[in-house]
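Q: I'm new to this one, so could you walk me through it in plain words?
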Amino acid sequence: EGITLHLSRWNGLQMAVQNQWGGHDSIQKFHQLAADILSWFSQSNAPLDVEDLETLLHERMLLSFNTEIEDGSIEE
């Protein structure tokens, strides 16, 4: 729930979902991204590296929503 709330405040992602840049299933892709982030946090036995999370977000935005985020919001 916290991940979904945080993602819902990310303007770049919300624009992609609202404008269906990921197709008609953009909202499902949004929820899948939240689930994938939860898995990333919960399935790692090693210390987490924020750069890996940034890579996940960057790749998902590009592949799922055909969106290149260059405003620094991924790093935020």
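Q: How much space lies in the largest pocket?
A: In this predicted model, about 380 Å³ of space lies in the largest pocket. A pocket here is an open set of points on a 1 Å grid over the protein atoms alone, where a 1.4 Å probe fits, with protein on both sides within 12 Å along at least five of seven lines, and its volume is the space filled by probe spheres set on the points.

Q: Which residues are closest to its centre?
A: They are His6, Leu57, Ser73, Ile74 and Glu76, out of 18 residues that line the pocket, lining residues being those with an atom within 4 Å of a point.

Q: And which helix gives the most to that lining?
A: α4 does, with four residues, while α1 (2-8), α2 (11-18), α3 (26-42) and α4 (50-65) each supply at least two; helices are DSSP runs (H or I, at least four residues) numbered from the N terminus.

Q: Switching topic, how do α3 and α4 cross?
A: Their axes, lines fitted to C-alpha atoms over the stretch in contact, come within 11 Å and cross at roughly 160 degrees. That makes α3 roughly antiparallel to α4, a term for angles over 145 degrees, on a scale from 0 to 180 degrees between N-to-C directions.

Q: What makes the contact there?
A: Contact means heavy atoms within 4.5 Å, and the residues include Phe30, Leu33 and Trp40 of α3 and Leu53, Leu56 and Arg60 of α4.

Q: What about α2 and α3, how near do their axes come?
A: The axes of α2 and α3 come within 8 Å and cross at roughly 145 degrees. Leu13, Gln14, Ala16 and Val17 of α2 meet Ser26, Ile27, Phe30 and Leu33 of α3.

Q: Anything to know about the numbering and the cut-offs?
A: Residues are numbered from 1 along each chain as its sequence is written, and side-chain values use heavy atoms, without hydrogens and water. Local features need pLDDT of at least 70 and side-chain atom pairs count only at pLDDT 80 or more, whereas totals for chains, interfaces and linings use all residues.

Technical notes. Angles under 35 degrees count as roughly parallel, over 145 as roughly antiparallel, 65 to 115 as roughly perpendicular and the rest as oblique.
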